[in-house]
Amino acid sequence: LNRGFTEMHCMSGHSNFVSCVCIIPPSDLYPRGLIATGGNDHNICIFTVDNPAPLYVLKGHKNTVCSLSSGKFGTLLSGSWDTTAKVWLNDRCMMTLQGHTAAIWAVKILPEQGLMLTGSADKTIKLWKAGRCERTFTGHEDCVRGLAILSEMEFLSCANDASVRRWQIAGKCLQVYYGHTNYIYSISVFPQCKDFVTTGEDRSLRIWKQGECAQTIRLPAQSVWCCCVLDNGDIVVGASDGIIRVFTKSLERTASAEEIQAFENELSQASIDPKTGDLGDINADDLPGREHLKEPGTRDGQTRLIKDNGKVEAYQWSVSERRWIKIGDVVGSSGATQQTSGKVLFEGKEYDYVFTIDVNESGPSYKLPYNITDDPWLTAYNFLQKHDLNPMFLDQVAEFIMDNTKGQTLLSTSDQFSDPFTGAGRYVPGSSSASSTIPAADPFTGAGRYVPGSASNAVAPVGGVDPYTGMGAYQSAAAKVENIYFPRKDAVTFDQANPTQILGKLKELNGSATEEHKFTEDDLIILEKLLSATCNTSAETPTAQQLQTLWRALNWPEDIVFPALDILRLSVRHPTVNENFCSEKDRVQFIILLLKFLNPKGKQANQLLALRALCNCFVSQAGQKLMMEQRDEIMTQAIEMKSGNNKNIHIALATLTLNYAVCLHKVNNIEGKAQCLSVISTVMEVVQDLEAIFRLLVALGTLISNDKSAVQLAKSLGVDSQIKKYASVSEPAKVKECCRFVLNLL
């Protein structure tokens, strides 16, 4: 009778060690599910259950991928030493989560859609919603190594500070559990309850019930890297001796007496290094002899040290068997100079040494991490580069490394197992030290580095402009309720104009302008002509002189600039003006100018008119091209306008999103759609006005029409649950109808 597991496949696809594995649940396309693996080669391989070669490989991280978590609808979340997490859908990266300052060791997708957790070597945990950081949890005093979900409202974390913490999603730490004596690497929850298990660098697996450590199982290996509770309640652990062990409560599945005896023998022969602190401070001279084992223990997992013939032995009490089980011999140092596995942590990664280098008496000291597998000269060179130090020190630093690691060669670690996460001695800091200066993060796609390629040139020209008033057209269609709302084909613009009022205000404010900004009578006449040329009251074409005058007016101080912004909003709809401002020469200046007004602390009139002007840019090919090229910056800045309570600003923000959706529907740009969906989801949370909601619904419908990936992504962000309430709005009917059409797609 084989109670164990048998090897089905040996899958290979990585060029170096695999540091994490995760199951992607079954779907229509893959009824048996998929397996995802993250590796030191920066890649993620996706395998089907019955093929040893990868189905596809996800590339994008710039360093080891050390954690993976799968969600609904085919989403996968990955964490990496490159300090970012990425959200993948099938074989595409949807968004990059940026904000941590060190390696991301743990990631989890929460059951409530759109919520994700990341735990990092920067000692913090972050909660992300629709790709934006909602909250940062602080409390751990060292690298966060593992996360486990208890419910929609609570989760657990474990860390190198040897503690486990229980948190509310809302931000509060509810409880701290102590028990381990060293780093805790992994945490896993029992099905249908709040009990959990942990493993760590103190050779133990610990089982926690009702907030207490109920059982400690020692293993014959220093590092117990990972644990996982199976659906049947069995506990699987992987340790640094390369062996996977399964522990069970079930009598049917318990190993044979021979296997259990073999495990105990292995345990009793283990040698425990007193320096690790796993057994507390040990003074061999004060220890009792073997007679001490005649007294029973007081609790399960209690350890007792005795001295027998000059040898120190460690025993652990087993309540179920009512006897002391030998868990190893305590020996002198194992040659490791550091605590724990002989490794030192620096910036969340493990090294054989971390030296402190003082460059001169008065200056700062710098940390220099080094592994014995590294080249001392290359390490010295990278260290000098990273800290901007004089290359003349190269010989000195390299000599220092060699002097202080004398006799340590790769051979001394070859009999040790490498750390499956940090690769122990194999990590080469040279390759990533340059990336320590991470540019300011963009909350959507990551640092504004996304370049939408040439796809944006393929946008079809826009035909006649629909004033989008919703009068008449929507009511007559209501009788036979067909989807007249999306996918929308043309941009929505703001056309309402009162040239007389605008010019009146311009003249009034010009009167109060300082001398350097004051316009002459001639200037004002030029702007009047521009307005009549672009509001269709005259057949003239706007001239270069008129546009130069408008540009001067747009650079007025922010308390008087709004009439000029209004003239821009109206005139940018004219092909000549659109071409002029959005063409090659001045286009970036033009966008910088408009984005300057989208400052949350700025004047609301300017915010509103700048958003409307951006919406109106979409009427011509040149404007669309520019808006698509600068999408990342524009959307990132525009979304900041959600926080006010001005409904007109909200309508303009929703319209801008809708115009992006129209363009993105024509070119299949899934990263762009991901950003747009994230904006829709974020803005939906705060907007009250039903016209703004309607435009966001049309944008959503347009984005996901005829695009399976976009539908999956919208579901994984939980957009369907966000919009459900609008399906029952009675007035205006268009909100309810449009919402129902969108829900049909989801």
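Let me start with Thr83, which sits in the loop between strand E6 (75-80) and strand E7 (85-89). This is a predicted model, and in it Thr83 has a positive phi of about 75° although it is not a glycine. As background, most residues other than glycine have a negative phi, and most peptide bonds are trans.

The bond joining Phe486 and Pro487 is cis, with omega about 0°. Pro487 belongs to the loop between helix H4 (473-478) and helix H5 (499-512). A cis bond also runs from Glu731 to Pro732, and there omega is near -10°. Pro732 is in the loop between helix H18 (719-723) and helix H19 (733-745).

Next, confidence. Mean pLDDT for the protein chain is 84, and 86% of its residues reach 70 or more. Over residues 333-340, however, pLDDT is below 50, and this stretch has 14 contacts in the model beyond near neighbours in sequence. Residues 409-479 also stay under 50. For that stretch the model has 147 contacts beyond four places in sequence.

For residues 97-129, the end C-alpha atoms lie 10 Å apart, and the span is 0% helix and 55% strand. For residues 177-209, the end C-alpha atoms are 11 Å apart, with 0% helix and 58% strand.

On to empty space. Rolling a probe the size of a water molecule over the atoms shows where such space is left. How many cavities of 30 Å³ or more are there? The count comes to 2. The largest cavity has a volume of about 50 Å³. Its lining is made up of Val87, Met95, Gly114, Met116, Ala130, Gly131, Leu713, Ser716 and Leu717. By class, that is 6 nonpolar, 3 polar and no charged residues.

The second largest pocket has a volume of about 1,700 Å³. It is lined by 48 residues, and those closest to its centre are Val246, Phe247, Thr248, Thr254 and Ile260. Which elements give two or more residues to this lining? They are strands E19 (204-209), E20 (212-218), E23 (244-247), E26 (311-318) and E27 (323-330), together with helix H1 (257-268). H1 gives the most, with 7 residues.

The class make-up of this pocket's lining is 23 nonpolar, 12 polar and 13 charged residues. As for domains, the pocket lining draws at least three residues from each of domain 1 (18-262) and domain 2 (263-332).

One is Thr83 with its positive phi. Others are the cis bonds at Phe486 to Pro487 and Glu731 to Pro732. Another is the second largest pocket, where Val246 and Ile260 are among the residues closest to the centre. And keep in mind residues 409-479, where pLDDT stays under 50.

Methods:
Residues numbered from 1 in each chain as written. Predicted model: local features only at pLDDT ≥ 70, side-chain atom pairs only at ≥ 80, totals over all residues. Heavy atoms only, no water. 1 Å grid on protein atoms, 1.4 Å probe; cavity = no way out; pocket = protein on both sides within 12 Å on 5 of 7 lines; lining within 4 Å. Points joined across faces, edges and corners; volume = space filled by probe spheres on them. Helix = DSSP H or I, 4+ residues; strand = E, 2+ residues; numbered from the N terminus. Nonpolar A, V, L, I, M, F, W, Y, C, P; charged D, E, K, R; others polar. Domains from an automatic or database assignment. pLDDT = per-residue confidence, 0-100. Contact = heavy atoms within 4.5 Å.
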